[in-house]
Amino acid sequence: MLETLRLDGQPAESGWPYLDTVPDNPVHWTPPSDVGPRFGRKGGPAAIDLGPIVEALDSRKPVMLLSTLSQSFFAPANEGVVDPANDEKPDPSLRHATVAVGHGQAAGQNAILIRNSWGAGWGVDGHAWLTEKFLKPRLFATAILTEDIDVSTRAAAA
């Protein structure tokens with residue numbers, strides 16, 4: 001994922017919007033022909049712990065979070081908080097990447113504010129607070145994103 005971000009970049013959501021449903025016949029689906037500007041970033045793997053995530057965010061560096069999901073992620077509670085029930089287990093077959101953009105407290109716990117790719121209808125305008133109780137058993141990789149890279153001269157991969 002880091003190599004793709006470094007080499008090909010990521011378009012704005014308006015250039016390649018999230019699909020709410022899988023196309024009826026994926027064989028006939030093609031990616032958008034013109035996604036607009038793409039944004040590249042360098043980055044590197046980081047520790048799977050809230051401390052380094054908070055340090056990176058305090059240094060104004062976004063952090064990519066890779067985690068397994070569970071039911072609470074699909075419908076954040078009031079104020080966009082994802083805090084699983086005590087008996088809610090992660091599903092290892094459901095993996096997803098988000099970007100950490102802030103940190104604070106939610107539901108009386110340390111929490112990370114994320115930006116999701118599922119559009120403005122998810123969470124609060126596409127953002128949610130993941131509590132430490134949600135993250136600890138689900139987070140399996142992180143990467144600190146560093147300087148911007150100009151990828152405009154490279155052909156976009158599809």
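In which sense do β3 and strand β5 pair, and over how many bridges? The two strands pair in the antiparallel sense, over seven bridges. The legends below describe a predicted model in which local features need pLDDT of at least 70 and side-chain atom pairs count only at pLDDT 80 or more, while totals for chains, interfaces and linings use all residues. Residues are numbered from 1 along each chain as its sequence is written, and side-chain values use heavy atoms, with hydrogens and water left out.

**View 1. Strand β3 and its pairing with β5.** Helices (H or I, at least four residues) and strands (E, at least two) are DSSP runs, numbered from the N terminus. Strands count as paired if DSSP finds at least two bridges between them. β5 comprises residues 91–106, and its residue His96 is the bridge partner of Ser67. Seven of the seven residues of β3 are buried, so this strand is largely enclosed by the rest of the structure. Here, buried means under 20% relative accessible area, exposed means over 50%, and partly exposed lies in between (1.4 Å probe, protein chains only).

**View 2. Thr68 in strand β3.** Thr68 belongs to β3 and is buried, with a relative accessible area of 9%. Contact means heavy atoms within 4.5 Å. Leaving aside neighbours within four places in sequence, the residues in contact with Thr68 include Pro90, Leu94, Phe134 and Phe140. Thr68 and Leu139 are 71 residues apart in sequence, yet their C-alpha atoms are 6.6 Å apart in space.

View 3. Ser70 is located in the loop between β3 (63–69) and α3 (71–74). With a relative accessible area of 3%, Ser70 is buried. A polar contact is a pair of N or O atoms within 3.5 Å; within protein, one must be able to donate a hydrogen and the other to accept it, and residues adjacent in sequence count only if both atoms are side-chain atoms. The side chain of Ser70 makes such a contact with the side chain of Glu88 at 2.4 Å, and another, of 3.0 Å, with the side chain of Arg138. Beyond four places in sequence, Ser70 is also in contact with Lys89, Pro90 and Phe134.

View 4. Leu50, Ile53, Ala56 and Leu57 are the buried residues of α2. They cover an arc of only 130° around the axis, which puts them on the same side of α2; the arc is that of the directions from the helix axis to the C-beta atoms. Glu55 and Asp58 are exposed on the other side of α2. The N-terminal end of α2 is capped by Asp49, with a side-chain oxygen 3.2 Å from the backbone nitrogen of Gly51. Arg60, whose phi is positive, near 65°, follows α2.

**View 5. The largest nonpolar core.** A nonpolar core is a set of buried Ala, Val, Leu, Ile, Met, Phe, Trp, Tyr and Cys residues joined through side-chain atoms within 4.5 Å. The largest has 19 residues, and those with the most contacts inside it are Ile53, Leu65, Phe73, Ile112 and Leu135. Two or more residues come from each of α2 (50–58), β3, β6 (109–115), β7 (127–131) and α4 (132–135). α2 gives the most to this core, with four residues. Not counting residues up to four places away in sequence, Ile112 touches, among others, Ile53, Leu65, Trp129 and Leu135.
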